[in-house]
Structures are given as structure tokens and as C-alpha cells.
Amino acid sequence: MIKIATYNINGINGRLPVLLRWLKEESPDVVCLQELKAPQERFPIQAITDAGYKAIWHGEKSWNGVAVLSKYDITEVSRVLPGDEDDTHSRYLEVIVNQLVICCLYLPNGNPYPGPKFDYKMNWIKRLTKRTKTLLAMEIPVILIGDFNIIPTEMDTYKPEKYIDNALFRIEVRKAFQHLIAQGWLDTIRKLFPDQKVYTFWDYLRHAYSRNAGLRLDHILLSPLLEDRLLEGGIDRHVRSWEKTSDHAPVWICLKEQ
């Protein structure tokens with residue numbers, strides 16, 4: 001069995017004690033991190049190594065940044081999502097771990113809508129959809145995992161009417177997500193919790209966590225070759241209650257070994 005998780009850490013150096021505690025308690029085999037908020041040279045590689053993980057990361061000063069931590073060897077495929085030579089944001093990391101292609105994603109937020117940030121988000125999703133189509137054509141096991149900054153359906157937010165004109169929930173964004181899914185991807189958390197309101201993000205404001213006023217933004221999608229290997233999964237929502245924690249909670253799945 002292999003346990004794979006995603007966690008928007010919201011600043012890896014400031015939240016390092018939280019990350020290390022969670023790694024020790026839950027012991028995932030592979031972890032995709034987003035929003036490192038650290039330049040390349042400030043990634044805490046020694047602490048990660050001491051915790052038993054190898055790492056590949058793509059940092060960026062102040063914002064963004066993605067990383068893959070693994071108990072197995074990691075081979076980097078790409079740290080650039082094809083389709084826009086001018087896009088310098090650290091939002092994509094494609095690696096191979098244990099014969100799995102893992103695409104660690106941090107999609108643009110896109111707010112405010114309308115505007116250039118929303119246009120950038122829609123273009124980013126279009127580029128991602130083109131890349132995923134290529135990956136599926138290769139007929140290899142692929143995982144799309146990370147903070148998509150997309151609320152897929154009304155069930156994925158505590159108050160749908162509040163988000164109608166939010167870039168996380170705009171109809172164009174939800175349609176783009178469904179178009180992606182229609183390529184053949186399995187939304188694992190929705191598969192495992194078909195009728196439950198489960199969230200992965202709770203704002204720091206207005207006691208959102210204690211009220212369970214959440215959103216489901218972090219997703220793990222499996223290519224068709226992996227569907228039969230899905231065993232279980234969940235959201236470690238208790239981590240959101242820890243001191244100095246991220247506003248996201250870790251999301252994880254377990255796959256049968258091949």
C-alpha cells in the first residue's frame with residue numbers, strides 16, 4: 001500500500017513544526033505541498049531529510065511554490081506547465097515516484113473576477129487540460145494532486161450563494177473542472193464520500209473552522225489505470241485546529257501496490 005497526500009502548507013518555514021508533526025503522526029509515503037512561500041534556497045531540506053523524506057521543490061520568493069516529498073526515490077519530469085513561456089509562477093511539478101506520474105498542482109486563485117487574474121486562471125486550466133490529455137494518451141498511471149482553487153459543486157461549499165461571483169466557484173471554472181474530469185479522471189474524495197459535505201479549507205476569519213464553514217479546494221484525481229487501486233482516503237481536518245496551522249488541511253488516499 002502507498003499513502004499519497006496533498007497539503008497547502010501556506011508558508012513552509014512558518015508552519016514547519018506543524019508539517020513535521022503531521023508527517024510523524026500520519027507517515028504518508030508521498031506528500032505534495034503547495035504555497036511554500038519560500039525562495040529555492042530557503043526550503044528546509046535538512047529538516048525534511050531528517051524526517052525521512054527525499055524532496056524536489058520549486059520555490060518562489062514571497063508566494064506560490066510547490067514540492068514533492070517522498071520516502072521513495074523521485075525523478076523530476078518537469079517544473080513548467082507547457083503552453084506559456086512568460087509564466088514564471090512556481091505552480092507545477094511533474095515527477096515519477098514508484099512508477100507513478102505525479103503532477104503536483106497549485107492553480108491560480110483567480111480573484112478578483114472579472115479581471116486579468118481570472119483570465120490567467122482560465123488559461124492555466126486550459127494548459128493543464130492539454131497536458132493531461134497528453135498524459136492520458138500515454139496510458140500510464142497518473143495522479144493530479146494539489147490545491148486546485150476550484151469548488152467543483154454546490155456540495156463543496158458551506159454557502160454556495162456567497163461564492164457565485166468568486167473565481168473559485170464561477171460557472172466557467174466549474175465547467176472547466178468538469179471538462180477535465182470528463183477526460184477520464186476520478187475525483188477520489190468525492191468517490192469515497194459521495195453524499196457528504198467534506199471540506200479541505202477553512203478561512204482564518206469569523207471562526208470558520210469551528211463553524212465548519214469550509215470549502216473543498218484540494219483534490220486528488222486518478223487516471224483510469226489507477227481507479228481499481230484506490231483503497232481509502234480522507235481529510236485530516238484535525239490538523240486545521242493545531243496552533244499556527246495552515247488554513248488548509250491535508251488530504252490523502254491509499255493505493256494498492258501494483
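This is a predicted model: local features need pLDDT of at least 70, side-chain atom pairs count only at pLDDT 80 or more; totals for chains, interfaces and linings use all residues.
**First stop: R190 and D156.** Select these two residues and display their side chains. They meet in a salt bridge, with 2.6 Å from N to O. The pair links distant parts of the chain: R190 belongs to helix α5 (residues 188-192), D156 to the loop between β8 and α4, and 34 residues separate them. R190 counts as buried because its relative accessibility, 15%, is under 20%. D156 is also buried, with a relative accessible area of 0%.

**Second stop: R170 and D165.** The side chains of R170 and D165 meet in a salt bridge, at 2.7 Å from N to O. R170 is buried, with a relative accessible area of 13%.

Select E35 and K37, which form a salt bridge whose closest N and O atoms are 3.4 Å apart. Which of the two partners is buried, and which is partly exposed? E35 is buried, at 12% relative accessible area, whereas K37 is partly exposed, at 29%.

Select K159, K162, R206 and R211 and show the surface. These residues gather there in a patch of positive charge. K162 can be found in the loop between β8 (142-147) and α4 (171-181). Its relative accessible area is 40%, so K162 is classed as partly exposed.

Move to helix α3 (residues 116-137), where R131 lies. Is R131 buried or exposed? R131 counts as buried, at 19% relative accessibility; the cut-off for this class is under 20%. To see what surrounds R131, select L81, P82, Y92, E94 and M138, with which R131 is in contact when neighbours within four places in sequence are left aside.

**Last stop: I56.** Select strand β3 (residues 54-58) and find I56 within it. I56 is buried, with a relative accessible area of 12%. Leaving aside neighbours within four places in sequence, the contacts of I56 include V66, A67, V68, I74 and T75. Others to display are E76, R79, L93 and V95, which are also in contact with I56. Finally, draw a line from the C-alpha of I56 to that of D119: the two residues are 63 residues apart in sequence and 29 Å apart in space.

Methods
Residues are numbered from 1 along each chain as its sequence is written. Side-chain values use heavy atoms; hydrogens and water are left out. Patches are made of residues with over 30% relative accessible area and no salt bridge: like charges are joined within 9 Å, nonpolar side chains (Val, Leu, Ile, Met, Phe, Trp, Tyr) within 5 Å. Accessible areas come from the Shrake-Rupley method with a 1.4 Å probe; for residues, only the protein chains shown count as cover. A salt bridge is a side-chain nitrogen of Lys or Arg within 4 Å of a carboxyl oxygen of Asp or Glu. Lys and Arg count as positive and Asp and Glu as negative; His and the chain ends are not counted. The place of a charge is taken as NZ of Lys, CZ of Arg, CG of Asp or CD of Glu. Helices (H or I, at least four residues) and strands (E, at least two) are DSSP runs, numbered from the N terminus. Buried means under 20% relative accessible area, exposed over 50%, partly exposed in between (1.4 Å probe, protein chains only). Contact means heavy atoms within 4.5 Å.
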